[in-house]
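Here is a quick tour of a protein model, written for someone new to reading structures. Keep the picture open while you read.

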Amino acid sequence: MKVNDLIKKDLFKVINEGSDTDREIGKVFCCDLLSIAMGKAPAACCWVTVMGNINTLAVATLTDAAVLILAENAALDDAALNKAKEQGVTVLSSADPIFDTALKVYESL
Amino acid sequence: MGENIEFKYTVENGEFQRAGEASSDVKQKLKAMGVDPSIVRKVAIAMYEGEVNMVIHANGGEITVTVDPDKIKMVLDDVGPGIPDVEKAMEPGFSTADDNVRSLGFGAGMGLPNMKKNSDNINIDTTPGKGTKITMEVDLKEA
């Protein structure tokens, strides 16, 4: 499933539509500790987290995640939102907890 | 090809908001040069960990990235406190980061191990009280 297919499913709120929504989504990855995510997030993953600061965007960019989903309606601060726009990262938001959010994605892959 | 290309960056002290800018820039440049995505990813991750370490521990520093036909070399040079026990610092989970750093999601003691994992060659030259110079190389052959 591509990033734009996930957006079209309307399961999540779109916070920022990135520059490469034609990308295929690989694994679903859940983690809130950036130290771990930096080492373990697979390329092209759909990363689900509640951590919405600017460093989250840096990690998403550098690990080459396909899409970032903020669970529990976790907010993205202004600096982080600007970074998402600047780096062309697709960011979605979900009211559900991390597991339920990740499961929804997994079931639609 | 054949000619070496060099990029230089200054990492500012305490600039957590900007940590990652140098790594993101290198990532974009390597991508534009047509370097294999899996190699770009290794370089980006290894360099970002180093960049964050400089912000957390070393009052910033200088990063020089050199691309030659065989490899990408990153030299991270700081005048920070140095690493008293490198072997200990390489242990996954060992961290000296403070609570502020941890509240941002870092400081889990994965930085150096992750730098090692993502580089084909790493050398740590450190003197307590003087600074640390880390050299990492990522091979361009065999993606």
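## A side chain meeting a backbone

In this predicted model, the side chain of A:Asn16 reaches the backbone oxygen of A:Val89 at 2.8 Å. That is a polar contact, meaning a pair of N or O atoms within 3.5 Å; within protein, one must be able to donate a hydrogen and the other to accept it, and residues adjacent in sequence count only if both atoms are side-chain atoms. You'll find A:Asn16 in strand β1 (residues 13-16) of chain A. Helices (H or I, at least four residues) and strands (E, at least two) are DSSP runs, numbered from the N terminus.

Is A:Asn16 buried or exposed? It counts as buried, because its relative accessibility is 9%; buried means under 20% relative accessible area, exposed over 50%, and partly exposed in between (1.4 Å probe, protein chains only). Not counting residues up to four places away in sequence, A:Asn16 touches several others, including A:Leu81, A:Ala84 and A:Thr90. Touching, or contact, means heavy atoms within 4.5 Å.

## A helix in chain B

Now hop over to helix α2 (residues 37-57) of chain B. The expected span is 1.5 Å times one less than the number of residues. Since 15 of the 21 residues are buried, α2(B) is largely enclosed by the rest of the structure.

B:His57 belongs to this helix and counts as partly exposed, because its relative accessibility is 33%. Leaving aside neighbours within four places in sequence, B:His57 is in contact with B:Pro81, B:Thr96 and B:Ala97. Just after α2(B), B:Asn59 takes a positive phi of about 60°.

## Salt bridges

Over all chains, the count comes to 11 salt bridges, each being a side-chain nitrogen of Lys or Arg within 4 Å of a carboxyl oxygen of Asp or Glu. One of them joins B:Lys42 and B:Asp120 (3.3 Å, N to O). This pair links distant parts of the chain: B:Lys42 is in helix α2 of chain B, while B:Asp120 is in the loop between α5 (111-118) and β4 (121-127), 78 residues apart.

In chain A, the side chains of A:Asp96 and A:Lys104 meet in a salt bridge too (2.9 Å, N to O).

## How to read the numbers

Residues are numbered from 1 along each chain as its sequence is written, and chains are lettered from A, with ligands numbered from 1, in the order in which they are written. Local features need pLDDT of at least 70, side-chain atom pairs count only at pLDDT 80 or more, and totals for chains, interfaces and linings use all residues, while side-chain values use heavy atoms, with hydrogens and water left out.
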